[in-house]
Amino acid sequence: MFAEQAVEPRSLRRFVIGILGTAALVVLAVLGFNILVDPFGVFGTHVFPTAIESDRSAKITLLLNQKTSPDILVLGSSRSRPAQPSYLKTLTGHTGFNAGVTSGDAVDEWVFAHLLFARYPNTPHHALLFINTGVGGNDVNPQMAADPRARPYLAPGLPGGEWSLLHKLSAYLSVDAAKDSYRVIRACMSKQGCNIKWFHPDGSLILSRLRSSGTRTNRMLDLLKQKIADLSSHGINRNIPSEHDQLYFEKLLGYLNGHGVTPVIVMNPLQPQLFAELQRQHDPRRVWALNYLHQLHARYRFDFIDLTDIRTFGGSPLEFSDPTHVSTANMRLMLAYIVKHDNGIL
């Protein structure tokens, strides 16, 4: 029998210190890269032009520059951005503005609603609100916090709407910030260069900037395969939002109702295979969201349409840019269904 060889405490300490030191260097490298590129525009480095526009600031500018009041305000995350106000007008006869923004939540929607009524205080409006199973959310995006036009409507605790250095550093340590920095660099290396315009005056996406349908579909199928494999291996997100998480969502509903608006709330679609996998795992967030919205009807006026299953509106499983984002073609089918089933609100 051989005696087990003990690991010297000094060697173990050196090993642990080496691992921690390497991890710290990686974190600092990511942080430094994000600060240099400054995708959210909160540090003002200006080393790179804004290749991927801060859609919050861009859409605030577009909304405030509207020559006439838009009748329908489209709100939501990036999943709502394919909604074209021009197509809504063919369905309803009403003008509109798409205020959907990347990773948008109830705080963004709260700001845009206030900006609209401040700009056009004596005009009736409608609201079309796209949501996910998380429903609301109270996070203040650095892009929104950095815009002085949004600051009067932001949550207390950020003096003057300015972000502390610690808050900015925390935002730039996120995976989303690193992804956005990569997108900025990649866009600046494209033929179009860094000065890319992404939106029409009504807030809708400029379609020429989108991928071709074939490229989009192949990319979507690859992402779908990865997403389902990840869900099968690691399970789904079972965290149920708290009451605090929905503070701004409920404030938004109250604000809209107080201005005579009955919003139409739409649950965003999912690619059918992804939806089936979530259903197989008895997605508790979806169950919670449906129950939560049902309970809100006792306090607020709104119409709810669940379009999670694309069979509801006759959508195509291939008309997605990724497993959770529909293409313009599916969005048009959604809008047609919404207008037919919104009890005449829009």
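**Close-up views of a predicted model**

**View 1. Strands β1 and β2 pair in this predicted model.** The two strands run parallel, joined by 3 bridges. Leucine 73 has phenylalanine 97 as its bridge partner in β2. Strands of a sheet pair through backbone hydrogen bonds, either parallel or antiparallel.

**View 2. β3 pairs with β1 and with β4.** Strand β1 covers residues 72-75 and pairs with β3 in the parallel sense over 4 bridges. Leucine 73 finds its bridge partner in β3 at alanine 127. Strand β4, residues 264-267, also pairs with β3 in the parallel sense, over 4 bridges. Is β3 mostly covered or mostly open? Strand β3 spans residues 126-131 and is mostly covered, with 5 of its 6 residues buried.

**View 3. An open sheet is built from 5 strands.** The strand order is β2-β1-β3-β4-β5, and the pairing is parallel. Which strands stand at the edges? They are β2 (96-98) and β5 (303-306). Each has a single partner strand, so one side of each lacks a neighbour in the sheet. From one strand to the next, the twist averages 15°. Helix α12, residues 328-340, lies across β3, β4 and β5. Helix α12 runs at about 125° to β3.

**View 4. The largest nonpolar core holds 46 residues.** Phe112, Ile131, Val135, Phe249 and Leu296 touch the most other members. At least two residues each come from α2 (55-64), β1, α4 (106-119), β3, α5 (142-145), α9 (247-258), β4 and α11 (284-296). Helix α4 gives the most, with 9 residues. In soluble globular proteins, nonpolar side chains tend to be buried together.

**View 5. Phenylalanine 112 and its contacts beyond four places in sequence.** Phenylalanine 112 is in contact with Arg56, Lys59, Ile60, Leu63, Leu73, Leu75, Ala99, Val101 and Met144, leaving aside neighbours within four places. Leu73, in this list, is the residue whose bridge partners include alanine 127 in β3 and phenylalanine 97 in β2. A second, separate core has 28 residues, among them Leu270, Ile305, Phe320 and Met334.

**View 6. The whole chain, for context.** The chain has 346 residues, and 46% of them count as buried. There are 12 helices and 7 strands. Of the contacts with a separation of 6 or more, 80% join residues 24 or more positions apart.

Definitions and conventions: Residues numbered from 1 in each chain as written. Predicted model: local features only at pLDDT ≥ 70, side-chain atom pairs only at ≥ 80, totals over all residues. Heavy atoms only, no water. Buried < 20%, exposed > 50% of the residue type's maximum accessible area, 1.4 Å probe, protein only. Pairing = 2+ DSSP bridges. Contact = heavy atoms within 4.5 Å. Axes fitted to C-alpha atoms, helices over the stretch in contact; angles between N-to-C directions. Core = buried A, V, L, I, M, F, W, Y, C linked by side-chain atoms within 4.5 Å.
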